[in-house]
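Good morning, and thank you for giving me a few minutes.

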Amino acid sequence: MENIKPEKITYVSDDLTRLLRDAGYLELCACIQCGTCTGSCPSGRRTASRTRSLMKKVQLGLKEEILSDKELWFCSTCYTCLERCPRGVPVTDVIISLRNLAVKEGYMQEPHIALCKMFYNTGHGVPINEEKWKKLREYHKLNELPPTTHQYPEAEKEIQTLLKSTEFDKLTGVGDYEKKKGEEES
């Protein structure tokens, strides 16, 4: 990890401290930076993910750097790091908690926002109603559309109602997207 200047450290806020304590922050203090988490991380083999570096930033209280770091989203939540950690640090749980906080504070990656918009608008995170998928399903003698919201359009509205009731639309900016989409069509 690069040298961090003391003036760059913004110590952990009370909210972050409470959140991390609930997710196992006390065990995180036991982290000895051995690198077992990074060495055993399957995502780290395919991405720039360096779990050890992320955990060091947490220990130093680099809140903005943590929440804005795209590496926070590389974790596949397989829990290999926890299973192999010699100190029992619940790294995956800490990462999930940090992701939740990042979303609440507006730090979402564009691909995640796009997936949220697709889910909000179709009930799916993957576009299965495109022509190529329909042809593939037909080739395998399946119905053109699976028994999902694509077959039941009324379910899309139910999903949107549910997502609005949990403020998913506000949290992810989907509400703004709908508004902009409506303005563009005018």
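I shall begin with the chain as a whole and then turn to particular residues.

First, a word on the basis of this talk. This is a predicted model, in which local features need pLDDT of at least 70 and side-chain atom pairs count only at pLDDT 80 or more, while totals for chains, interfaces and linings use all residues. Residues are numbered from 1 along each chain as its sequence is written, and side-chain values use heavy atoms, with hydrogens and water left out.

Let us consider the chain. Its secondary structure consists of 12 helices and 0 strands; here helices (H or I, at least four residues) and strands (E, at least two) are DSSP runs, numbered from the N terminus. Of the 186 residues, 35% count as buried. Buried means under 20% relative accessible area, exposed means over 50%, and partly exposed lies in between, with a 1.4 Å probe and protein chains only. The accessible surface comes to about 11700 Å², and 52% of that belongs to carbon and sulfur atoms; such areas come from the Shrake-Rupley method with a 1.4 Å probe, and for residues only the protein chains shown count as cover. Among contacts with a separation of 6 or more, 65% are between residues 24 or more positions apart, where contact means heavy atoms within 4.5 Å.

I turn now to aromatic rings. A pair of aromatic rings is described by the distance of the centres and the angle of the planes. How many aromatic pairs does the structure hold? It holds 1. The ring centres of Phe119 and Phe168 are 6.3 Å apart and their planes stand at 75 degrees, so this pair is edge-to-face. The rule is that rings of Phe, Tyr and Trp (its six-membered ring) pair if their centres lie within 6.5 Å; planes under 30 degrees apart count as stacked, over 60 as edge-to-face, and the rest as tilted. Phe119 belongs to helix α8 (residues 110–122) and Phe168 to helix α11 (residues 168–172), so that the pair links distant parts of the chain, 49 residues apart. Phe119 itself is partly exposed, at 29% relative accessibility.

Helix α8 packs against helix α10 (residues 153–165) at an angle of about 125 degrees, with the axes 7 Å apart. Axes are lines fitted to C-alpha atoms, for helices over the stretch in contact, and angles run from 0 to 180 degrees between N-to-C directions. The angle makes α8 oblique to α10: under 35 degrees counts as roughly parallel, over 145 as roughly antiparallel, 65 to 115 as roughly perpendicular, and the rest as oblique. From α8 the contact involves Phe119, Tyr120, Asn121 and Thr122, and from α10 it involves Glu156, Ile159, Gln160, Leu163 and Lys164. These residues divide into 4 nonpolar, 3 polar and 2 charged. By definition, Ala, Val, Leu, Ile, Met, Phe, Trp, Tyr, Cys and Pro count as nonpolar, Asp, Glu, Lys and Arg as charged, and the others, Gly among them, as polar.

Gly123 comes next, in the loop between α8 and α9 (131–139). Is Gly123 buried or exposed? Gly123 is buried, with a relative accessible area of 16%. Leaving out residues up to four places away in sequence, Gly123 touches Met118, Thr149 and Ile159. The C-alpha atoms of Gly123 and Ala155 are 7.9 Å apart, although 32 residues separate the two in sequence. Ala155 is part of helix α10 and is buried, at 19% relative accessibility.

Next, helix α4 (residues 51–60), which includes Thr51. Thr51 is buried at 6% relative accessibility. Beyond its neighbours within four places in sequence, Thr51 is in contact with Cys37, Thr38, Cys41, Val91 and Ile95. The buried residues of α4 include Ser53, Leu54 and Met55. After α4 comes Gly61, with a positive phi near 80 degrees.

Finally, two residues other than glycine also have a positive phi. Thr77, which is not a glycine, has a phi of about 55 degrees, and Tyr79 has one near 70 degrees. Thr77 is in the loop between α5 (63–68) and α6 (80–84), and Tyr79 lies in the loop between α5 and α6. Thr77 is partly exposed, at 31%, and Tyr79 is partly exposed, at 30%.

Thank you for your attention.
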